[in-house]
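These are my notes from an afternoon with one structure. I wrote down what I looked up, in the order I looked it up.

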Amino acid sequence: MNWLAWKMLTGDRTKYLGIVFGVAFGTLLIAQQASIFVGLMRRTSSQIIDITSADIWVMDQRQRNVDDIRPMPDSRLGRVRGVTGVEWAVRLSKSMIRVRTLNGDFTQGILVGVDDASFTGAPLEMLQGHHADLRRPDGVILDFDGYRQLFPGEPVTVGRVLDMNDRRAVVVGICRVTPPFQTFPVIYTRYSQAVQFMPPQRNTLSFILARAERGQQPQKLARRISRQTGLKALTWDEFFWLNIGYYIENTGIPVNFGITVTLGFIVGGAIAGQTFYLFTLENLRQFGSLKAMGVTNFRLIGMILLQASIVGIMGYGIGLGGSALFFELMERSGQADLRGMWVPWQVAVIAAAAVGVIIVLSSLLSLRRVLVLEPAMVFR
Amino acid sequence: MTSASGPAVCCRGVTKEFGSGEAQVRALRGIDVDIQYGQMTLLVGPSGCGKTTLISIMAGLLDPSAGEVSLLGCNLRSLAGSRLVRFRAEHIGFVFQQYNLLPSLTAVENAAVPLIIRGMRRSQAIERALELITEVGLRDRAQALPAQLSGGQQQRVAIARALVHEPRLLVCDEPTAALDAQSGRTVMNLIRRVTVRSDRAVIVVTHDNRVFDLADRIIAMSDGLIDLTATESEQSVLRNHQQRTTENHA
């Protein structure tokens with residue numbers, strides 16, 4: 001009977017492909033848009049993602065996310081180092097800076113000042129140069145996408161001179177970073193150097209990065225730091241999700257993507273469901289004949305569910321593959337806008353669940369028609 | 001349970017009503033009839049006289065509103081739900097007016113469907129179906145799809161499908177209605193030749209009085225009742241009756 005179900009389904013090629021297309025379209029929209037949403041949300045925490053050596057981020061009590069910088073006096077560093085359980089703590093500055101491009105225009109850049117001694121906070125993946133090159137006068141490390149933005153069409157090489165806030169900077173390294181939410185160049189330098197690039201201000205300390213001693217639980221240590229210093233101390237995980245939560249609650253991004261994902265579900269479901277129902281209607285006499293010839297309702301249910309499952313699996317595979325291909329092509333094209341995004345397994349599972357719902361609803365409509373069908377109708 | 005002695009189908013006081021109240025229609029009004037093994041019985045009458053309703057009840061596709069039906073020795077009331085469905089699958093073959101072949105299956109695959117329904121392996125079922133396809137003269141068209149066959153050829157495939165599982169009762173509803181006169185005659189000759197045997201009963205519902213000579217017995221109906229039963233030798237009586245009935249309905 002499985003073979004019969006398969007032959008009935010694939011015999012009408014137009015409808016079969018129409019149903020598969022509907023499911024694939026819905027899957028593609030859901031998976032692609034949800035993945036872009038996840039990718040964008042990750043980008044809001046790009047600086048957090050790129051610093052993996054620290055367990056704990058310490059910041060001003062009022063700070064709400066990684067971009068909402070409330071500069072602290074440098075003396076806060078000593079307080080954090082004095083908390084029991086802290087193996088080490090270093091300074092990190094983060095600020096926006098004005099950078100002049102090759103053609104004389106200005107653009108914003110993200111300036112990150114890492115610890116002078118340990119370079120904690122420096123980029124993980126170096127394409128050219130080394131962290132130690134930051135010791136050279138006016139040395140900065142520039143991210144690859146930022147380099148192409150500032151020097152379009154030019155060969156990627158160290159030694160370029162930048163104008164940052166009317167001060168000279170020399171590119172001593174090229175790195176690859178997690179693309180930031182705002183596609184600005186990301187520029188790393190020593191903390192002491194960053195202070196000189198920034199506009200003059202009383203306090204320049206953005207974050208204190210801390211590591212827990214062996215055997216210390218980072219979460220407990222973070223609570224202890226908060227109690228003893230009066231600062232906000234969060235584990236890497238806590239800060240990551242706090243940051244994302246801020247953007248989810250305070251921007252229209254989730255609503256916008258949510259609408260698109262919902263539309264994908266509705267449109268895909270409508271195409272698949274309607275086409276599947278039409279397929280059943282057009283085969284009603286055949287189903288009636290099968291009933292007359294002795295096929296039970298139970299077996300008919302099995303046939304229809306099998307047909308629905310086949311188109312569901314095929315459509316899901318095509319849609320998911322299409323999404324993955326889209327991100328692969330974006331990666332290869334070098335487009336910074338969508339670089340570094342992929343289809344997380346959680347999104348694939350959600351898309352599969354959505355396809356499951358589409359298939360079940362489509363099947364129910366068709367099943368109802370077939371189950372109430374009187375076999376005697378074939379005599380009319 | 002089933003036996004080639006005694007009638008294949010026995011109806012006593014069979015009544016069928018559709019709807020209720022003022023809209024109620026009495027399609028059958030107390031039918032008493034026996035269908036014998038080894039015979040081709042034609043069920044004739046004007047449109048709306050209850051022929052299709054009667055064969056639907058005889059084949060277990062409809063429940064009577066009243067009366068008793070015995071099918072191949074089984075009281076239909078004792079068969080219900082899936083038991084009745086399985087009974088049909090094993091013992092009854094159908095030939096429909098519109099053929100009702102599955103369009104995506106070849107001729108031999110269509111003929112094999114009843115065996116596949118009964119759980120036979122596909123290769124085995126197709127092998128058996130090929131014998132029937134050959135018997136109905138379509139060996140060279142066994143791999144053709146229904147859309148590639150003429151009406152008469154499609155009906156021959158349907159006959160092969162109806163016989164492939166060796167049913168004890170064959171029910172044919174207007175098998176020649178969608179065919180031209182020559183094709184219709186060919187199909188009826190084929191039904192006569194390959195379906196009738198001592199352990200099988202064949203019922204054919206038809207309007208076409210040109211095929212009366214092929215029948216062993218003819219039952220004429222009108223307005224939900226059996227008017228007349230004629231054997232082969234009483235064809236002229238039957239034709240006169242038909243003419244009168246047609247005039248009355250006009």
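**Entry 1: a lysine.** I looked up Lys15(A) and found that Lys15(A) sits in helix H2 of chain A. The model is predicted, so I treat each value below as computed from a prediction. The cut-off for buried is 20 or more. Leaving out residues up to four places away in sequence, I listed what Lys15(A) touches: Thr275(A), Leu278(A) and Phe279(A). I also checked Lys15(A) against Ala212(A), 197 residues apart along the chain, and got 61 Å between their C-alpha atoms.

**Entry 2: domains of chain A.** Chain A is divided into domain 1, made of 2–44 + 252–379, and domain 2, made of 87–208. I noted 47 Å between the C-alpha centres of these two domains of chain A. How many residues of domain 1 of chain A are in contact with domain 2 of chain A? I found seven, and they meet six residues of domain 2. On the domain 1 side I sorted the touching residues by class and got two nonpolar, two polar and three charged.

**Entry 3: where the chains meet.** I looked up the contact between the chains next. Chain B puts in 23 residues and chain A puts in 19. On the side of chain B that touches chain A, H1, helix H2 (82–91) and helix H3 (107–117) of chain B each supply at least two residues. The largest share of that side comes from H2(B), with five residues. Sorted by class, the chain B side has 13 nonpolar, six polar and four charged residues.

**Entry 4: the four-stranded sheet.** I traced an open sheet of four strands in chain B, in the order E2-E1-E4-E5, with antiparallel pairing. Its edge strands are E2 (25–35) and E5 (74–75) of chain B, and each pairs on one side only. I counted five bridges between strand E1 (residues 9–18) and strand E4 (residues 66–71) of chain B. Which residue of E4(B) is the bridge partner of Thr15(B)? I found Ala66(B) there. Helix H1 (residues 51–58) of chain B lies across E1, E2 and E4 of chain B, at about 125° to E1(B).

**Entry 5: the six-stranded sheet.** I then traced an open sheet of six strands in chain B, ordered E6-E7-E8-E3-E9-E10, and its pairing is mixed. The edges here are E6 (92–95) and E10 (225–231) of chain B. From one strand to the next I get an average twist of 20°. E7 (residues 169–173) and E8 (residues 201–205) of chain B run parallel, joined by five bridges. Within this pair, Leu169(B) stands opposite Ala201(B). H1(B) also lies across E3 (40–44), E7, E8 and E9 (217–222) of chain B, running at about 155° to E8(B).

**Entry 6: cores.** The largest nonpolar core has 124 residues, and among those touching the most other members are Met58(B), Val171(B) and Ile203(B). Helix H2 (residues 13–44) of chain A gives the most to this core, 14 residues. Another core, of 55 residues, lies apart from it and includes Val58(A) and Cys175(A). Last, I looked up Val171(B): beyond four places in sequence, its contacts include Ile55(B), Met58(B), Phe94(B) and Ile203(B).

Conventions
Residues are numbered from 1 along each chain as its sequence is written. Chains are lettered from A and ligands numbered from 1 in the order in which they are written. This is a predicted model: local features need pLDDT of at least 70, side-chain atom pairs count only at pLDDT 80 or more; totals for chains, interfaces and linings use all residues. A nonpolar core is a set of buried Ala, Val, Leu, Ile, Met, Phe, Trp, Tyr and Cys residues joined through C-beta atoms within 7 Å. A residue is buried if 20 or more other C-beta atoms lie within 10 Å of its own, exposed if 12 or fewer, and partly exposed in between; C-beta atoms are placed from the backbone. Two residues are in contact if their C-beta atoms, placed from the backbone, lie within 7 Å. Domain bounds come from an automatic or database domain assignment. Ala, Val, Leu, Ile, Met, Phe, Trp, Tyr, Cys and Pro count as nonpolar, Asp, Glu, Lys and Arg as charged, and the others, Gly among them, as polar. Two strands pair if DSSP finds at least two bridges between them. Axes are lines fitted to C-alpha atoms, for helices over the stretch in contact, and angles run from 0 to 180 degrees between N-to-C directions.
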